[in-house]
Amino acid sequence: MAGTMFVTFGLAVVPAFANPSTTWTANPNPAAISGVNSGYMSLTAGVPLVCTQYSVQGSMYSAGGNPATVATLGTLTFGSIASPCQSALGGASFTASAPWRFVARDYNPATGVTSGYLEGVQLRVAVSACQFTTMGKASATYRNSTGILSVNSVPGELAVTSALGCGATITTGTLPVLRGNFLIKIFGTSTAPILVGSNP
């Protein structure tokens with residue numbers, strides 16, 4: 001998260017987080033984590049597909065470098081029999097190929113937010129007679145105060161790599177957008193892990 005340069009009386013004052021972090025410290029380290037939906041997850045690919053129930057399990061850990069992989073999401077589930085994912089075309093099924101990895105790029109000590117992206121994102125989606133696969137990465141942030149891992153991809157990060165029975169609605173030229181929030185906790189507790197970036 002690039003800092004804005006402020007100029008006062010001819011002096012340039014740059015916030016501490018202007019220099020990218022190279023040391024990432026997780027507490028605890030490593031932390032076994034689990035997460036559930038906070039709000040809904042949407043995948044917009046021709047038509048919006050929405051999941052109101054989803055979960056994740058994995059681990060968060062200390063690392064060095066920039067960018068640096070600081071979390072691995074090894075188990076992801078979307079929807080359930082009682083609360084399936086939905087679209088304008090009816091029920092939808094999402095199958096994630098794990099792991100997804102959270103890669104850290106910047107840390108803002110004023111807000112406790114780590115910015116980066118999820119890499120290795122792969123979803124197989126079936127809705128009505130349409131089946132397609134999307135792959136790529138998705139911009140994401142993690143906020144210490146809430147434990148929210150927020151996914152907010154931008155067009156071009158994900159791409160449809162195969163599509164069958166989707167007509168002109170979803171093709172290999174479609175660029176999906178994935179958005180949603182995971183509420184992350186240390187496994188078996190109600191406490192969120194802490195992730196801090198620094199540049200010693």
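Biologist: Which cysteine does a disulfide join to Cys130?

Modeller: This is a predicted model, where local features need pLDDT of at least 70, side-chain atom pairs count only at pLDDT 80 or more, and totals for chains, interfaces and linings use all residues. Residues are numbered from 1 along each chain as its sequence is written, and side-chain values use heavy atoms, with hydrogens and water left out. A disulfide here is a pair of cysteine sulfur atoms within 2.5 Å. At 1.9 Å from S to S, the partner of Cys130 is Cys166.

Biologist: How many residues apart are Cys130 and Cys166?

Modeller: Cys130 sits in strand E14 (residues 130-143). Strands (E, at least two residues) are DSSP runs, numbered from the N terminus. Cys166 lies in the loop between strand E16 (158-164) and strand E17 (177-186). The pair links distant parts of the chain, and the separation is 36 residues.

Biologist: Is Cys166 buried or exposed?

Modeller: Buried means under 20% relative accessible area, exposed over 50%, and partly exposed in between (1.4 Å probe, protein chains only). Cys166 has a relative accessible area of 9%, so Cys166 is buried.

Biologist: What is the pattern of the disulfides?

Modeller: The count comes to two disulfides. Cys51 and Cys85 form a disulfide with sulfur atoms 1.8 Å apart. Counting bonded cysteines along the chain, the pattern is 1-2, 3-4.

Biologist: What is the volume of the largest cavity?

Modeller: On a 1 Å grid over the protein atoms alone, a cavity is a set of points where a 1.4 Å probe fits but cannot get out. Its volume is the space filled by probe spheres set on the points, which are joined across faces, edges and corners. The structure holds one cavity of 30 Å³ or more. The volume of the largest cavity is about 40 Å³.

Biologist: How many residues in the lining of the largest cavity are nonpolar?

Modeller: Lining residues have an atom within 4 Å of a point. Among them are Ile33, Phe102 and Tyr142. Ala, Val, Leu, Ile, Met, Phe, Trp, Tyr, Cys and Pro count as nonpolar, Asp, Glu, Lys and Arg as charged, and the others, Gly among them, as polar. The lining has no polar and no charged residues, and the nonpolar ones number eight.

Terms used
1 Å grid on protein atoms, 1.4 Å probe; cavity = no way out; pocket = protein on both sides within 12 Å on 5 of 7 lines; lining within 4 Å. Helix = DSSP H or I, 4+ residues; strand = E, 2+ residues; numbered from the N terminus.
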